[in-house]
Amino acid sequence: MEIDAKMVEYVAELAKLRLSEPEKAAMQQDLTKVLQYMDVLNQLDTADVPPLTHVSGVENVFREDEAKPSFGREKILQNAIAVEDGCFKVPQTVE
Amino acid sequence: MREKTAKELRAALKAGETSAAALAECYLAKIAAEDAAYHAYNTINERAAAEAAAVDKRLADGLDSPLAGVPVAIKDNIATETMPTTCSSKILQGFMSPYNATVIEKLAAAGAVLLGKTNMDEFAMGSTTETSCTGVTKNPWDTAKVPGGSSGGSAAAVAAGLAPVALGSDTGGSIRQPCAYCGLTGMKPTYGAVSRYGLLAYGSSLDQIGPIAHTAADCAAVLQVIAGYDEKDSTSAKDVRFDFAAALTGDIAGKKIGLPKNYLGEGLDAEIRAAILAAAEQFAALGAEIEEFEMPMLEYAVPAYYIIASAEASSNLSRYDGIKYGYHPEGFADLEDLYLSARSEGFGPEVKRRIMLGTFALSSGYYDAYYQKALKVRALIRQNFDAAFAKYDAIISPVAPTTAPRLGESLSDPLAMYLSDIYTVAVNLVGIPAISLPCGFDAAGMPIGMQLLGAMWSDDKLIDLAHAYQLHTDWHEKSPARKEAE
């Protein structure tokens with residue numbers, strides 16, 4: 001799989017990364033090299049193999065919906081970029 | 001002189017020859033004097049002396065556990081409430097977790113004393129600890145070489161005598177490979193054996209916390225404390241019942257160990273091949289039955305692993321948005337600009353590369369060809385391990401194709417670095433336990449490691465195999481020459 005400059009920009013947009021021009025060029029080269037190597041997997045016939053997403057065999061894990069003490073508001077906000085009235089303050093999201 | 005093990009420190013504490021406070025003071029003084037040469041630690045626990053004094057009171061009241069009064073170093077991706085947890089990333093500089101990881105709570109309950117947080121590859125993505133934003137860690141055996149990664153700080157701390165034992169995390173070899181490079185014993189437990197609550201996520205279906213120590217017996221001591229079900233981690237297993245104390249028999253007569261011939265072929269250093277074969281002979285001398293066999297699919301593990309790990313990383317690391325915690329950019333025009341600035345300025349090059357790779361593998365149009373394909377290959381790899389463990393109690397394998405490379409040699413070619421993980425990543429893909437332990441030295445005097453792989457939940461039996469080997473060999477008792485000369 002050859003990755004072109006357009007694909008690098010598209011994936012960066014999905015990943016919310018802003019890449020400089022030199023970063024884009026290096027990323028294009030690195031991803032192409034790594035993905036071309038990964039094409040080795042196509043040597044394997046996996047048509048009838050179910051995908052293994054999880055190794056523990058655990059299915060859904062349920063618990064009772066009980067109210068329990070949480071961390072204090074102050075603790076949760078201690079790393080925030082900005083706080084107002086005990087809430088995270090974020091830039092305007094809706095016009 | 002070799003370093004003291006946790007087991008020996010426990011014996012000294014029990015005999016009243018030392019105290020938790022004296023031990024903490026001794027290690028903290030050594031860190032202050034010597035860590036500048038290695039940079040094993042990101043943060044030193046300023047409360048260690050006070051915490052050790054409190055443990056001494058509990059010891060006087062009869063506290064007994066495998067780690068009571070024993071100092072422990074913690075990899076900097078395990079959440080601690082009273083020390084920063086940074087993953088050696090700019091995006092988490094100064095981050096204070098609102099809670100302790102379950103393993104930290106368990107260590108505290110057992111009376112272990114935390115010395116500090118150790119350096120690592122940024123977000124555990126790397127094999128050398130060179131992708132850390134706080135600077136590289138150096139290998140105590142040769143400070144011109146890497147300690148391995150991603151748990152390189154934990155390994156360097158134990159190898160240099162700056163902690164008797166440490167916690168690391170292993171997503172694709174991040175405990176086992178630094179142990180091999182630093183002459184240590186370390187274990188990646190069965191997936192689900194140790195709670196991951198409070199382990200900052202990289203690849204959630206692969207990550208597991210485990211011990212880094214001098215001996216298999218110390219790995220058992222640490223696991224005895226940290227393993228077990230945790231309702232806060234829905235992937236932790238309900239019925240973890242290891243009895244490590246009873247398991248350490250040293251009697252391995254009749255155990256069947258498989259030696260995969262194709263793991264010893266092209267690409268593996270001749271000195272490592274010779275060391276593995278010699279170790280197999282040692283196991284045979286101890287009464288184990290060694291059988292050569294072919295372990296298929298070796299060459300498919302690395303590509304499958306890097307697709308899955310990167311895909312999970314791209315999802316896990318989407319939480320770093322610059323708002324709730326982490327690096328805050330100076331100025332930004334709007335919300336989108338805030339996200340972009342925080343992530344682009346906060347993540348280093350290797351983390352960005354894996355986020356990009358993973359985002360691509362999960363993107364519409366490529367999901368089936370890459371991510372889904374990798375999961376199917378993962379199923380095939382598991383079938384092969386299941387077949388092998390139907391025949392063998394353990395598989396003996398190299399950990400890495402070479403001994404520790406020189407600093408600065410690895411990062412320029414990401415693919416070559418990924419390929420060096422060829423012997424370790426399959427273990428995480430299938431969830432099985434594996435223990436890495438020293439089995440020789442190369443001509444330059446650098447440690448060589450081997451690993452023993454076992455079936456799911458055979459952790460205690462694997463530790464006993466390693467323990468038996470260590471009862472009859474002394475590779476694990478060697479310390480870096482720099483200190484022997486002192």
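A residue is called buried if 20 or more other C-beta atoms lie within 10 Å of its own, exposed if 12 or fewer do, and partly exposed in between, with the C-beta atoms placed from the backbone. By that definition, buried residues make up 18% of the 95 residues in chain A.

The model is a predicted one: local features need pLDDT of at least 70, side-chain atom pairs count only at pLDDT 80 or more, and totals for chains, interfaces and linings use all residues. Residues are numbered from 1 along each chain as its sequence is written, while chains are lettered from A and ligands numbered from 1 in the order in which they are written.

Let us turn to the fold of chain A. Chain A has 3 helices and 2 strands, in the order α-α-α-β-β along the sequence; helices (H or I, at least four residues) and strands (E, at least two) are DSSP runs, numbered from the N terminus. The radius of gyration of chain A, taken over C-alpha atoms, is 23 Å, well over the 12 Å that the globule rule (2.2 Å times the number of residues to the power 0.38) gives for 95 residues, so chain A is more spread out than a compact globule.

Finally, the contact between the chains takes 40 residues from chain A and 52 residues from chain B, where two residues are in contact if their C-beta atoms, placed from the backbone, lie within 7 Å. On the side of chain A that touches chain B, α2(A) gives the most, with 7 residues.
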